[in-house]
Amino acid sequence: MPDAGATTRFGKRTVRDLEVEEGSRVLARVDFNVPLEGGRVADDARIRAALPTIELLLDRRARLILCSHLARPKGRDPETSLRPVSKRLGELIDAPVHQAPEVIGPEVRRGAERLPPGSVLVLENTRWERGETENDPVLSQLLADLADAYVDDAFGAAHRAHASTVGVAELLRPAVAGLLLEREVSTLRGIVEAPERPLVVVLGGAKVTDKIALIDKFLDLADALLIGGAMAFSFFRAQGLATGDSLVEDEGVELARRALEKAESSDCRLLLPSDLVLGERFDAEAERRELDGVEVPDGWMGLDVGPRTAAAYGEEIARAGTVFWNGPMGAFELAPFADGTRAVAEAVAAAAGTTVVGGGDSGAALAQFELDGEVDHLSTGGGASLELLEGKPLPGVEVLDDA
């Protein structure tokens, strides 16, 4: 995404503006909510995404205290410790990385006070503290007491008003954005406010209810809206077409019907699949069948878009000035039903226009097909991306110091 107007779109002070004296303690909220397997980090993309901010602060000889959540524990849970994350971070940066035993408490306070300049202390999983998700003022104050300044670089958590994203920023000033947060917000706002035309939006996944606000928004803004994934079957049922045993979200059918009605008077072209790949069950070993059409017979379920749809969507993407993609075209995790998602991923990777991909399954698909380095921007935030594009304010951004 071009940088012109990015600063205006963001409107908040960033870590570049922060005056950091050697030995200053900086508390940075990062998004280290990464998958763990066998006690190791299985995918370090979110850790790597935070490195520019971390390295900038370490270069300025800050004493850097990092905090993050990981998964959704209901209190202290060793299975969700950030210790493996700290180990991986230590392998990625040229600085000492220490792991705190808790989120707050006397040992954490002593660790923060004794931390040498140019080194890192990682607090334990913020969700081990029940006050985190409640934006508890006591927890917020204890976090604020650890540092002289606050940096938020956790875009994936910016839509949550938690103690480590909002409460601490209300108490600890200066409170500024990290480089990742700035880039995410500026890039995604640019899609809505100043996209290169044509703007082509590709939406997939299972539920219309998760994306109806986005569908509604882009029917007003985009030039073409391409629908795939299981949510296409809510649209087909709204049209009175047979969906067989396909996954259909009942709540989504009426929402899809309204979207189809809106599309009739919109300048945005709403495209649905024209052919499908069926399976007799949701299983990589299931019998597979290509359907030249979209009416699914009983005993079969639609598990991918067909080759004609993939080609048509690829042509739309190739002509685009800006592409935004969020959600797979089918069950890409099952090899026989991955072709549609692969075709879209390859088209996005090859597109001449600006390419922005929402996180979650779309990012996983790009990684699976080894294309994650071939797009202009791969967002680290699923829910945060969608809410920002829908036009909702993000509490973790709103609370920061204005530029």
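The loop between β4 (63-67) and α3 (83-92) contains A71. In this predicted model, phi of A71 is near 60 degrees, a positive value in a residue other than glycine.

**Cis peptide bonds**

R173 and P174 are joined by a cis peptide bond with omega of about 5 degrees. P174 sits in the loop that runs between α6 (163-171) and β8 (175-177). A cis peptide bond also links R197 to P198, and here omega is about -5 degrees. The position of P198 is in the loop between α7 and β9 (199-203).

**Helix packing**

Two packed helices are described by the angle between their axes and by the distance between those axes. The table gives these values for two pairs.

| Helix pair | Axis distance | Angle |
|---|---|---|
| α11 (residues 307-319) and α12 (residues 339-350) | within 9 Å | roughly 15 degrees |
| α7 (residues 179-193) and α14 (residues 383-390) | 9 Å | about 40 degrees |

For α11 and α12, the axes cross at roughly 15 degrees. Angles under 35 degrees count as roughly parallel, and α11 and α12 are therefore roughly parallel to each other. Their crossing is right-handed. On the side of α11, the contact is made by A310, G314 and I317, and α12 contributes A343, V344, A347 and V348. By class, this contact between α11 and α12 comprises six nonpolar residues and one polar residue, with no charged residues.

Helices α7 and α14 pack at an angle of about 40 degrees, which makes α7 oblique to α14. The crossing in which α7 passes α14 is right-handed. From α7, the residues in contact are E184, V185, L188, R189, I191 and V192, while those of α14 are S385, L388 and L389. The contact of α7 with α14 has six nonpolar residues, one polar residue and two charged residues.

**The cavity**

One cavity of 30 Å³ or more is present in the structure. The largest cavity holds about 40 Å³ of space. Its lining consists of D31, R46, A49, A50, D153, F155, G156, L180 and T380. Helix α2 (residues 45-59) gives the most to this lining, with three residues. By class, the lining of the largest cavity has four nonpolar, two polar and three charged residues.

**The second largest pocket**

The volume of the second largest pocket is about 310 Å³. It is lined by 22 residues, of which G229, A230, F282, G330 and A331 are the closest to its centre. At least two residues of the lining are supplied by each of α9 (232-238) and β14 (301-305). Strand β14 provides the largest share of the lining of this pocket, namely five residues. The lining residues of the second largest pocket divide by class into 15 nonpolar, four polar and three charged.

Key:
Residues numbered from 1 in each chain as written. Predicted model: local features only at pLDDT ≥ 70, side-chain atom pairs only at ≥ 80, totals over all residues. Heavy atoms only, no water. Axes fitted to C-alpha atoms, helices over the stretch in contact; angles between N-to-C directions. Helix = DSSP H or I, 4+ residues; strand = E, 2+ residues; numbered from the N terminus. Parallel < 35°, antiparallel > 145°, perpendicular 65-115°, else oblique. Left-handed = near helix turned anticlockwise from the far one by under 90°. Contact = heavy atoms within 4.5 Å. Nonpolar A, V, L, I, M, F, W, Y, C, P; charged D, E, K, R; others polar. 1 Å grid on protein atoms, 1.4 Å probe; cavity = no way out; pocket = protein on both sides within 12 Å on 5 of 7 lines; lining within 4 Å. Points joined across faces, edges and corners; volume = space filled by probe spheres on them.
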